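Take a look at the chain shown here. This report starts with its charges and then works through its folds, pairs and surface.

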Amino acid sequence: MTPALRQVVESGLDDFDETPRGSGLRPCLGSVTLSILTAVYILAVANQTFWTRAYTHLSAYPFPFAAFVIGISAVTIAAMTAFSVKYLIKPALIFFVLVSVTSAWFTDEYGIIVDREMVRNAVVASGPAAAHIITPAFVWHIFVTGILPSLFILWVRVEHRPFAEKFAWNMAIILPCVAVFAAAGLGFSQTYAAVGRLHRDVMLTLNPFIPIGSAARYLFSSEDDRSVMRYALGMDAHQRASNSGKPRVTILVIGESARAQNFSLGGYSRETNPEMKERGIAYYASAASCGTTTGVSLPCMFSAYPRQQFTHRKGLETDNLADVLGHANVKVEWWDNNTGSYGVANRIAYRFLPDAADSRFCSDGECLDTALLDKLDSWLSRVKGDTVLVLHQNGSHGPAYYQRYPDNFRRFIPDCRTAEFGACTQEEIVNAYDNTILFTDHVLAKVIDTLQRHGDSVSAAMLYVSDHGESLGENGFYLHGAPYLFAPSQQTQVPIIAWFAPDFSAASKIDSGCLARKSAEPASHDNIFHSVLGLMDIATDLYDARLDLFSACRDTSAGTKKAAGNG
Ligand SMILES: [Zn+2]
């Protein structure tokens, strides 16, 4: 520790000591003054997105806008002043500054809202993927706007009054501030309610209240998670007899951050699907994801519940698609090249590919999706009974898009070669992203080709679906994770692709003309659970033919089953 830094730390510690000491250079501030200064600093420096959005939506109403600025400032000052207590003030204010500037970085740079799901994602996502967020610009931002002010807070000498006097002083600030906030809110409540209904995202970017509230909500809900009881579901599941005499294999590929908008199969002007368009697939151009993060979408699409009824807790406490397949004695395996299965694969065979650190496709704890293809051939030669294999891609995981594809897939150039979007043009970011889609197109084509090579020994199908979409700078949004209610369509519209080997189609009596027609209709993650059960020919009361993407095109005598268990 340098002498200068030691002096700062020691001076921070003497907040615990009443006797004045230190150099004459050290400013002496009243505790209320320091609280107000911190509030003003956070409002001015760490709420750029918040004020920009408030201005955009409220500036048409000058008085309500002025009252809004005053009210929000007043309540922030009140909140900071509430911590103007000896021993508490410095750690509390430093915590608020650091939380605010960290959250502000993600909100200002990527348009990310730090809600509970985002906190969950940050906690669950594994190291290498999260590490891409820690760029030099991020570190510099935290140092300049977070560490330096924190050192200042440590350094200043805080004057504390006797407790009773301090309490009175604090209240003399807090009560009027709260009154101003309430008056502003009530005075223009109609304007705020009207604007708020249309633009709910404004308040969700207010630092430090939103990230702290989200973290608290996450902590309480994860406390709940520990007391989860699991309920078996679909215990009646059983397979109808196989028609082809060969093991049926469905490979379910779960994409990452692939948005429908950039698939040429769906009309994107660039050719991003040159290989898949030659494979005789059915493409569902208009499919809605269940969430805007992996942590929501993955458990949701595997659950028996449709999006409207799905909750994180239901996902944890009830058997999912993988379990129900198991009840029907179908083997299920999960190969993960992403950040894990979010609990979906807890009870099935699971491989985390980055663990193998195969130097042919992996570096720094991450692997190209080629890793998913590597053992597919030999695995297929060993398949005995009916099996579902889930391949969880790293796909288009941002912001380091350029690390998702090998050099020979740098087709759209110049491509952004850093995780720091600020250092790239919009065009370079889109180019890099499109290269990831191009590479996913190749990976999917290779899966199909490999299945075809094993056509003598297995009867195969492939179903691909992305977990959620991605923003590439539209309206200032990047990456994903926007609250679903007002998430841009780029984050919620995902591609679904289906491919069937000829004998699979024949045995399942799937009509390809019908598929082509039906694939134009809206689809969603709600379809995945039922479609996979349908593909594996599994009978259970959970199965709902109306949600099976292929049932209408299957000549089946099974009839339509009711949607049990979905209520
Ligand atoms: Zn994801």
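## Charges across the chain

The protein chain carries 46 positive and 54 negative side chains. The centres of these two sets lie 3 Å apart. Keep in mind that this is a predicted model.

Side chains of opposite charge can pair when their charged atoms come close. A search of the whole structure finds 23 salt bridges. Some of them are described below.

## The overall build

The protein chain has 567 residues, and 56% of them are buried. It contains 21 helices and 16 strands.

## A network around R248

Which residues are linked in a network of salt bridges? They are R240, R248, D386 and D537.

Start with D386 and R248. They form a salt bridge, and their closest N and O atoms are 3.5 Å apart. D386 sits in the loop between helix 16 (376–382) and strand 10 (387–392), while R248 is in strand 4 (residues 248–255), so the pair ties together parts that are 138 residues apart in sequence. Both D386 and R248 are buried.

Next comes D537. Its side chain meets that of R248 in a salt bridge, at 3.7 Å from N to O. R248 belongs to strand 4 and D537 to the loop between helix 21 (526–535) and strand 16 (538–539), so this pair ties together parts that are 289 residues apart in sequence. D537 is buried, and so is R248.

## A pair within one helix

E317 and R313 also form a salt bridge, with their closest N and O atoms 3.5 Å apart. What separates E317 and R313 along helix 13? The answer is about one helical turn, because they are four residues apart in helix 13 (residues 312–317).

Are the two partners buried or partly exposed? E317 has 16% relative accessibility, so it counts as buried. R313 has 30% relative accessibility, so it counts as partly exposed.

S222 is part of helix 11 (residues 209–225). Its relative accessibility is 11%, so S222 counts as buried. S222 and R120 are 102 residues apart in sequence. In space, the C-alpha atoms of S222 and R120 are 8.8 Å apart.

S214 is found in helix 11 too. S214 is buried, with a relative accessible area of 4%. Which residues does S214 touch, leaving out those up to four places away in sequence? They are V114, D115, R116 and V119.

## A nonpolar patch on the surface

Finally, turn to the outside. W140, F143, V144, I147 and L148 form a nonpolar patch on the surface. Together they have about 450 Å² of accessible area.

Look at one member of the patch. L148 lies in helix 8 (residues 136–155). L148 is partly exposed, because its relative accessible area is 40%.

Technical notes. Residues are numbered from 1 along each chain as its sequence is written. This is a predicted model: local features need pLDDT of at least 70, side-chain atom pairs count only at pLDDT 80 or more; totals for chains, interfaces and linings use all residues. Side-chain values use heavy atoms; hydrogens and water are left out. Patches are made of residues with over 30% relative accessible area and no salt bridge: like charges are joined within 9 Å, nonpolar side chains (Val, Leu, Ile, Met, Phe, Trp, Tyr) within 5 Å. Accessible areas come from the Shrake-Rupley method with a 1.4 Å probe; for residues, only the protein chains shown count as cover. A salt bridge is a side-chain nitrogen of Lys or Arg within 4 Å of a carboxyl oxygen of Asp or Glu. Helices (H or I, at least four residues) and strands (E, at least two) are DSSP runs, numbered from the N terminus. Buried means under 20% relative accessible area, exposed over 50%, partly exposed in between (1.4 Å probe, protein chains only). Lys and Arg count as positive and Asp and Glu as negative; His and the chain ends are not counted. The place of a charge is taken as NZ of Lys, CZ of Arg, CG of Asp or CD of Glu. Contact means heavy atoms within 4.5 Å.
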